[in-house]
Amino acid sequence: DVFLEDLGAKQGLDGIMTPFKTWNRWWGPLTVGDLVLIAAPPKTGKSTILNYIGDAPFCRYNAGRNIKVLILDTELETHRVRTRKASALSDVNEIYIKNGKSQKDSDMEEKISSKFPTMKKRAGFVKHLYVANVPIEKVCNIVRRWAATETEPDDLRLVIYDYMKVT
């Protein structure tokens, strides 16, 4: 069977495993040339899922691999994404980080500061850019420039474009 022969030839194909066990079991890793669309109604967690996929370099299945991630976001500015990530990692409610209450509470402050090494490490592998109202030609240039200047030839690269326009 041609399909099975083709499938057997692709078994050595390398890719980036997602942090989602079920995704990896059903669809396997993200591989070169993949275009994956995640579509759902507003406020259903698409950006959250994409940011978790952006954490692929820290997924245990990818341990020791050089993976660089570029997240292009048309909805959330980088500082807002960082605040959400700090909240998720530290288990401190995002509102307390935003309004400064976490800095006045020693328990919350300790929870957040204990996650700084993780957040700093993430920054070396995952770059988030806010690209609202940027024409697609410029977005493509941003991706090319990132690949040429911030990644190595042997790095696996993952580009996530968080954008959905309903017309």
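This is a chat about a predicted model of one protein chain.

Biologist: Hi! What should I know before I look?

Modeller: The model is predicted, so local features need pLDDT of at least 70 and side-chain atom pairs count only at pLDDT 80 or more, while totals for chains, interfaces and linings use all residues. Residues are numbered from 1 along each chain as its sequence is written, and side-chain values use heavy atoms, with hydrogens and water left out.

Biologist: Thanks! How many helices and strands are there?

Modeller: The chain has nine helices and three strands. Those are DSSP runs numbered from the N terminus: helices are H or I with at least four residues, strands are E with at least two.

Biologist: Which residues of helix 9 are buried?

Modeller: V139, I142 and W146 are. Buried means under 20% relative accessible area, exposed over 50%, and partly exposed in between, with a 1.4 Å probe and protein chains only.

Biologist: And what is exposed on the other side of helix 9?

Modeller: There you find E137, R144, R145 and A148.

Biologist: New topic: where does T74 lie?

Modeller: T74 is in the loop between strand 1 (67-73) and helix 4 (78-90).

Biologist: Is T74 buried or exposed?

Modeller: T74 is buried, at a relative accessible area of 16%. Beyond its neighbours within four places in sequence, T74 is in contact with residues including Y130, Y161 and D162.

Terms used
Contact means heavy atoms within 4.5 Å.
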